[in-house]
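Me: Could you walk me through this model in plain words?
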Amino acid sequence: MSESPVVRLEKDGDVGVIIVNYPPVNALGPGVSEGIIESLNKANADPSIKAMVLMGDGRSFIAGADIRGFGTGRKRLAIGERTYDVMDASPKPVVAAIHGYALGGGLENAMGCHYRIAVPSAKVGLPEVLIGILPGGGGTQRLPRLAGVKTALEMITSGRHVPAPEAAKLGILDEVLPEGANLREAAVAYARKIADVRPLPRVRDKTATAEPGVFDAIRKSIARKARNQKAPYNCIAAVEASCTLPFDEGIRREAELFAELETADEAKALRYAFFAEREVAKLPDLPSVVAPADFTDPAVIGAGTMGGGIAMSFADFGYDVKIMDATQEALDRGMERIRNNYATSVKRGSLAQDEMERRLARIHPVAGYEDIADCDVIVEAVFERMDVKKPIFAKLDEVMKPGAFLFSNTSALDMDELASVTKRPEYVAGTHFFSPANVMKLLEVVRPSKASPETLLTAMAMGRRIGKISAMAGNTDGFVANRSRAPFNSEMVILLEEGCLPEQVDKVMVDFGYPMGPFAVGDLAGLDIGAEGRKRRAAANPNYRKLPIADKLVEMGRYGQKTSAGWYRYEKGDRTPHPDPEVAAIIKSVAAEMGVPQKTFTDAEILQRLLFSSVNEACRILEEGKAYRASDVDVMWLHGFGFPRYRGGLMYWADGIGVKNVYAQIASWHQQYGERWAPSKLLRELAESGTPFREAKPAPFV
Ligand code: 3H9
């Protein structure tokens with residue numbers, strides 16, 4: 001019945017079914033909104049149709065506006081002529097029938113409908129803030145009217161996906177269908193049932209009211225997380241307008257606030273991050289016919305902090321997981337730690353007690369290798385030393401059933417060497433989790449030379465199934481994330497030699513957008529850990545740049561928070577870092593011993609000294625073919641190191657400075673400081689050709 005290639009109108013007796021078909025997720029791409037309007041008009045004009053259903057083909061209702069269109073001068077329907085306006089003016093009722101996702105413009109369309117029903121697995125939300133904009137299709141005006149101001153503020157400022165049963169409780173959905181129901185049939189029946197109800201229930205006719213102080217309170221509560229950003233505040237202002245302005249004026253205010261955001265740097269960077277996170281899943285050099293293997297029975301070897309966190313990740317996503325350690329005592333300690341971690345989440349209110357019990361029940365401590373022999377995926381997470389891991393891999397190879405995948409959680413060890421102790425190197429890969437493993441989103445999948453495409457795809461898919469963002473890294477010391485970060489870690493201590501203080505560096509990085517400064521993070525992780533790595537690297541490389549100030553603190557037993565002293569001092573039982581005059585004195589005396597001339601630094605200099613050193617190393621990683629794309633490095637920095645998302649990532653940020661400027665500064669520091677600042681070949685080439693980092697063509701992956 002309809003002309004549009006992306007929206008069709010079908011008739012089911014006296015109900016018109018409007019179906020959006022814009023794969024893969026029914027974003028509101030070119031022609032979709034126009035197609036919905038055309039179908040609505042046709043159905044309204046057809047006397048044999050009494051009511052309409054709006055639904056999506058394929059895997060989703062509507063996932064929102066087409067993000068690729070933002071900032072491109074896209075064609076937009078004027079206020080008064082949009083889908084929601086046509087629905088508001090419709091003399092016949094429209095029922096939104098939701099499966100998969102109704103996000104952003106998807107939920108806004110659903111709220112423009114007169115009724116909303118969904119299957120239980122559906123999710124709804126207004127995630128626009130996560131891409132630096134606000135719900136600009138009436139979402140900031142309709143959601144507070146439908147679900148109340150508090151709920152609207154929470155959903156719009158967090159961007160959270162709300163499961164259908166909860167959305168029904170919040171008043172967003174009229175009905176959640178029973179499990180297994182046929183959505184189309186149920187929606188048509190529902191439409192028939194309400195076909196004669198008049199007046200039509202329109203969300204725009206409701207009123208939104210707020211308790212005094214609610215807007216100031218939410219501005220205050222997001223201040224820390226939303227610093228340097230505009231979108232969250234514009235979201236709040238738009239919701240505020242729903243309480244103070246009539247509906248149509250509120251819609252105009254929403255549009256003004258939206259227009260301030262769409263082309264801003266914040267939104268551009270967040271859109272870039274969104275697509276970079278999807279790109280990172282693609283492994284372009286693997287044969288497209290190969291698929292990841294399914295796995296159902298994972299096991300973790302090692303019940304230490306990392307092993308426990310990895311086991312929790314599996315349990316959190318519904319997997320029964322076995323966990324093994326060398327002794328019963330270590331296993332008991334590990335289970336105790338897991339229980340305590342969950343209990344902390346319950347205490348904080350982020351996890352329900354019964355959910356904690358369900359997750360704990362999925363983690364099965366086992367005594368020996370024979371108990372895991374039938375598992376299909378092993379993640380080994382024992383002490384980070386080759387001589388400890390090798391015998392375990394040899395034993396796993398012996399006992400594990402054929403076809404089982406053997407993954408190692410290592411942050412730097414040579415995966416080829418580890419794979420070589422097995423007779424199944426094609427089934428071996430690295431899976432580098434970040435600490436705490438159940439919280440941090442990044443999973444770096446490390447590719448040894450003999451790993452099969454199926455193994456690599458399975459490791460990547462395993463990460464995604466347990467809520468991680470998987471990114472592929474080559475087998476190089478430190479892999480991609482830590483290797484690109486290493487020069488930053490050295491540079492921050494070298495800055496102290498030249499006259500900076502830890503608190504000064506930390507303030508610059510927090511102002512830039514990191515949740516914590518790097519010295520405070522060091523104290524949290526434990527300074528003894530970095531010292532081990534420095535020792536190993538210094539022994540292997542006579543030109544290794546030593547960090548005497550950091551070494552001195554460790555020698556003094558200042559290991560960080562755990563000893564109440566590190567780069568900062570801590571009161572017993574308190575994690576607040578306090579600048580320590582003793583550290584300032586140590587820095588001064590070591591610098592004097594080393595004969596380093598003292599100077600003062602601007603904030604910009606500190607920032608660039610840290611980040612440019614890493615940009616240069618990331619270029620080296622790309623030129624060696626150890627990563628697929630500069631944007632993969634960005635994803636790793638966003639999810640492994642807390643790089644501020646609204647700055648896109650390390651390489652995207654550097655593009656903002658300009659590749660030629662970055663090169664010129666690095667070349668000048670090369671003159672001043674010597675070899676550690678030698679510009680990489682790729683950086684020089686990019687600067688000469690004026691090619692942005694994110695368009696760099698890395699060497700073929702090795
Ligand atoms: C908005 O609605 C503004 C309004 O207020 C109106 C203003 C006037 N656009 O993530 P996946 C692509 S703003 C374009 O791997 P999943 C994605 O790039 C929007 N493309 O699948 C990928 O492409 P490729 C508010 C999109 O099942 C493919 O679809 N909405 C869009 O893991 C599959 O995606 C959002 O912010 C889009 N909107 O997750 C929702 N969405 O295959 C954004 C997806 O080439 N989307 N693609 O790499 C999502 O959060 C997830 O995609 C979703 C599915 C949860 C829907």
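Me: How many residues surround the ligand?
Reply: This is a predicted model, where local features need pLDDT of at least 70, side-chain atom pairs count only at pLDDT 80 or more, and totals for chains, interfaces and linings use all residues. Residues are numbered from 1 along each chain as its sequence is written, and side-chain values use heavy atoms, leaving out hydrogens and water. A residue is near a molecule if one of its heavy atoms lies within 4 Å of it. The closest here are Arg59, Ala65, Glu108, Glu128 and Arg278, and the residues around the ligand number 28.

Me: Which helix gives the largest share of the shell around the ligand?
Reply: Helices here are DSSP runs of H or I with at least four residues, and strands are runs of E with at least two. At least two shell residues each come from β5 (64-65), β7 (101-103), α3 (105-112) and α11 (265-279). The largest share, three residues, belongs to α11.

Me: Is Ser60 buried or exposed?
Reply: You'll find Ser60 in the loop between β4 (51-56) and β5. Buried means under 20% relative accessible area, exposed over 50%, and partly exposed in between, using a 1.4 Å probe and protein chains only. Ser60 has 1% relative accessibility, so Ser60 counts as buried.
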